[in-house]
Amino acid sequence: MIDYTICYRELVSPGDSYFISRSFDFLWAAWTKDERAHALYDRIQARNKQWIILPEYGFAEREIPLGSFAPTDTRDEAELITRFLDASGFNESSSICIDITGFLAPYLLFLLRALAVRGISNVELLYAEPGRYLESEETQFSSENVRFVRQIYGYEGTHAPDTSKDVLILGVGYDHQLLKIVASSKEGARTIQLFGLPALRPDMYQQSILRASRAAEALGRPPGEHPDNLPLPAYDPFTTATILSKLTEDREFTNLYLCPLSTKPQVVGFGIFYINECIDKPISILYPFCSAFSKETSVGIGRIWAYTAELNLSS
């Protein structure tokens, strides 16, 4: 087991000295219409800044900033991110900051994995919490038109044919339909749900529970009644990674499937846990790939977090 909580995290504010004292070679961010997705871009000091346009958001050319990296011929996370990195000009000694706020999970996870493979040992991550979601627990994040459920590239395990003790760990967010689809794809697996508590805002935990309860039939029991379900801070990737590390150490399994459908910090926690501990094991990260995601889901800006993600703690 690795204790990831030793990694650096800090709450920062728009006028904080963090934005004056820190500078990077590269800043990368994903464009959405949410205020919080662009709030940090101009404040961060970096020699090279680049917006990435993810095709699932469906932006028209007139809606995106000039000079953005905006491929229109692929929805493959590995192909898109590999093209971006090949064109970016970074090297092993580059200091890189990523604003994770607007990223979709498959692209963010593949980006972290690709950076680790290319020799980057740590990367600075920024995240702006929402002031509130547009429609509270009814906020629509995805089209719920799922093209397929598959392993995210770079996070494919070497799985065993024996499925008698398979385990599925779900990071639970608002997309109850996606929870149902993923759970149904692994019907024989024991399911563990990880809920964001403390949540990003006090009302968001209850909203998440209300949405997840709609998937209770596929998940086996209502969220609050399952002994395996665990709370973990919605804003802390390192507690997420530590809990995943402990769960895999404490529980016997034939194959383990992870699926982060929760906050971006928790997605990062799934990623750094996998990169540091799961390569070449019977462990995969699954994701329900949707045809579209909402361009705008929140109003205002909540707290701002800075994290240093370590990508080689196991070495």
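## Strands and sheet

Leu27 stands opposite Cys97 in β4. In this predicted model, strand β2, covering residues 23-30, is joined by 4 bridges to strand β4, covering residues 96-99, and the two strands run parallel.

Both strands belong to an open sheet of 6 strands, whose order is β1-β12-β5-β4-β2-β3 and whose pairing is mixed. The edges of this sheet are formed by β1 (9-12) and β3 (45-52), each of which pairs on one side only. From one strand to the next, the twist averages 20 degrees. Helix α3, made up of residues 77-88, lies across β2 and β3 and runs at about 150 degrees to β2.

## Aromatic side chains

Across the whole structure, a search finds 14 aromatic pairs. One of them joins Phe26 and Trp28, whose ring centres are 5.9 Å apart; the pair counts as tilted because the planes meet at 50 degrees, which falls between the limits of 30 degrees for stacked and 60 for edge-to-face. Phe26 is buried, with a relative accessible area of 4%, and Trp28 is buried as well, with a value of 0%.

A further pair is formed by Trp305 and Tyr307, which are stacked, with 6.1 Å from centre to centre and 5 degrees between the planes. Trp305 counts as buried at 7% relative accessibility, and Tyr307 counts as buried at 1%. Phe26 and Trp28 also take part in one aromatic cluster, together with Phe69, Phe84 and Phe90.

Ser245 is found in helix α8, which covers residues 237-250. Its relative accessible area is 1%, and Ser245 is therefore buried, given that the cut-off for this class is under 20%. A polar atom of the Ser245 side chain lies 3.1 Å from the backbone nitrogen of Ile2. When neighbours within four places in sequence are left aside, the residues in contact with Ser245 are Met1, Ile2, Tyr4, Phe273 and Glu277.

## Helix α9

Helix α9 comprises 14 residues, numbered 264-277, and at 1.5 Å a residue it should span 20 Å, which agrees with the 20 Å that separates its end C-alpha atoms. The helix is mostly covered, since 14 of its 14 residues are buried.

How values were computed:
Residues numbered from 1 in each chain as written. Predicted model: local features only at pLDDT ≥ 70, side-chain atom pairs only at ≥ 80, totals over all residues. Heavy atoms only, no water. Buried < 20%, exposed > 50% of the residue type's maximum accessible area, 1.4 Å probe, protein only. Polar contact = N/O pair within 3.5 Å; in protein donor to acceptor, adjacent residues only side chain to side chain. Contact = heavy atoms within 4.5 Å. Expected span 1.5 Å × (residues − 1). Pairing = 2+ DSSP bridges. Axes fitted to C-alpha atoms, helices over the stretch in contact; angles between N-to-C directions. Phe/Tyr/Trp six-rings, centres within 6.5 Å; stacked < 30°, edge-to-face > 60°.
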